[in-house]
Amino acid sequence: MTTRTKTQKTGRATGRATKQTAGQATRQAQPRVGRLIVLEGIDGAGKSTQARLLVQRLRQAKVPCLFSHEPGGTAGAEALRELLLHPPRGGWSTTSEIFLFLAARNEHVRRKVRPALEQGKVVVLDRFSDSTLAYQGFGGEMTPRARAALAPILAQAADGLRPDLTIVLDLPVSAAGRRIGMRGEKRTDFEKRGTAWANRVRRGFLAMARHGGITARTRIFAARRYRVIDARLAPKEQSEQIWRAVRPIVSQRR
Ligand SMILES: Nc1ncnc2c1ncn2[C@@H]1O[C@H](COP(=O)(O)OP(=O)(O)O)[C@@H](O)[C@H]1O
Ligand SMILES: [Mg+2]
């Protein structure tokens, strides 16, 4: 089975990991041959910019790839994106917001991401499950216990998929704010939540990169699958660093 071969090679499969959640059991029942690369970070950190540069490099290297973003990527998920980014008067509770994001993710994974992985493609995603933990979990000041309770639900929404590599673009909130200003687009509801909130989100991403997101018990696995990039650097330098991290993962693809 391809998934098992890959996990043996990278030393990722452990007894602990196979027992964790129903979502992970789903993953093992559905082998895939592609690779999932996720870009994470606060708004304005440069995810869209770096995703575009990464896809360019993959295409130059003749690696079949798919780029997509969250929330969205399918008709249903884009409809949910509209509801999330432009909420009705009164907004959503944190819990409602989480479930809307998860519904969008599940549609996207089942209809688009997993089929591409099964065709052997490298899928580059602008945001995935860690964004939910960073924004709603850390930004929304959920307790560590509440965040832990969310983990199996996140795994189920992601249909058991876990990234082969998560790149966290790390940028001070003030610098990200200036970049969003320069982008010249109307700010979304999320971009208006303020500096303290954005700082919690940033710290959340860094904590996950250090301790391992939704797989908090498997630190070795977590350390392998994250790469933090200093997003203050010029786009080209960041793109070089990202490519150095992505290339070995892509070349292991079968
Ligand atoms: N390394 C960089 N240095 C300076 N400006 C950047 C850099 N990377 C991206 N930008 C600019 O900052 C803005 C936000 O970048 P973007 O890729 O849209 O971030 P995100 O997708 O994470 O919200 C854009 O206008 C982009 O052109
Ligand atoms: Mg973007």
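A residue is taken as near a molecule if its C-beta atom, placed from the backbone, lies within 6 Å of it. I note at the outset that this is a predicted model.

**Entry 1: ligand 1**

I found 14 residues around ligand 1, and Gly-46, Lys-47, Ser-48, Thr-49 and Arg-179 come nearest. I then asked which helices contribute to this shell. Helix H4 (47-60), helix H9 (173-183) and helix H12 (235-251) each supply at least two of its residues. By class, I recorded four nonpolar, six polar and four charged residues in the shell.

**Entry 2: the sheet**

I next traced the strands. Five of them form an open sheet in the order E2-E3-E1-E4-E5, and the pairing is parallel. Strand E2 (65-69) and strand E5 (226-230) each have a single partner strand, so they stand at the edges with one side lacking a neighbour in the sheet. On average, neighbouring strands are turned by 20 degrees against each other, direction ignored.

E2 and strand E3 (residues 122-126) run parallel and are joined by five bridges. Leu-66 stands opposite Val-123 in E3.

**Entry 3: helices on the sheet**

**Entry 4: H5 and H6**

I followed H6 to a helix partner. Helix H5 (residues 75-85) packs with helix H6 (residues 94-118) at an angle of about 160 degrees, and their axes lie 8 Å apart. Angles over 145 degrees count as roughly antiparallel, and H5 and H6 are therefore roughly antiparallel to each other. I noted the crossing as left-handed. On the H5 side the contact includes Leu-80, Leu-83 and Leu-84; on the H6 side it includes Leu-100, Phe-101 and Ala-104. I recorded eight nonpolar, two polar and three charged residues in this contact.

**Entry 5: H7 and H10**

I did likewise for H10. The axes of helix H7 (residues 129-139) and helix H10 (residues 195-211) come within 8 Å and cross at roughly 130 degrees. This angle makes H7 oblique to H10. I noted this crossing as right-handed. Among the residues that meet are Leu-133, Tyr-135 and Phe-138 in H7, with Trp-197, Val-201 and Met-208 in H10. The contact holds eight nonpolar, three polar and three charged residues.

Technical notes: Residues are numbered from 1 along each chain as its sequence is written. Chains are lettered from A and ligands numbered from 1 in the order in which they are written. This is a predicted model: local features need pLDDT of at least 70, side-chain atom pairs count only at pLDDT 80 or more; totals for chains, interfaces and linings use all residues. Axes are lines fitted to C-alpha atoms, for helices over the stretch in contact, and angles run from 0 to 180 degrees between N-to-C directions. Helices (H or I, at least four residues) and strands (E, at least two) are DSSP runs, numbered from the N terminus. Angles under 35 degrees count as roughly parallel, over 145 as roughly antiparallel, 65 to 115 as roughly perpendicular and the rest as oblique. A crossing is left-handed if the near helix is turned anticlockwise from the far one by less than a right angle, and right-handed if clockwise. Two residues are in contact if their C-beta atoms, placed from the backbone, lie within 7 Å. Ala, Val, Leu, Ile, Met, Phe, Trp, Tyr, Cys and Pro count as nonpolar, Asp, Glu, Lys and Arg as charged, and the others, Gly among them, as polar. Two strands pair if DSSP finds at least two bridges between them.
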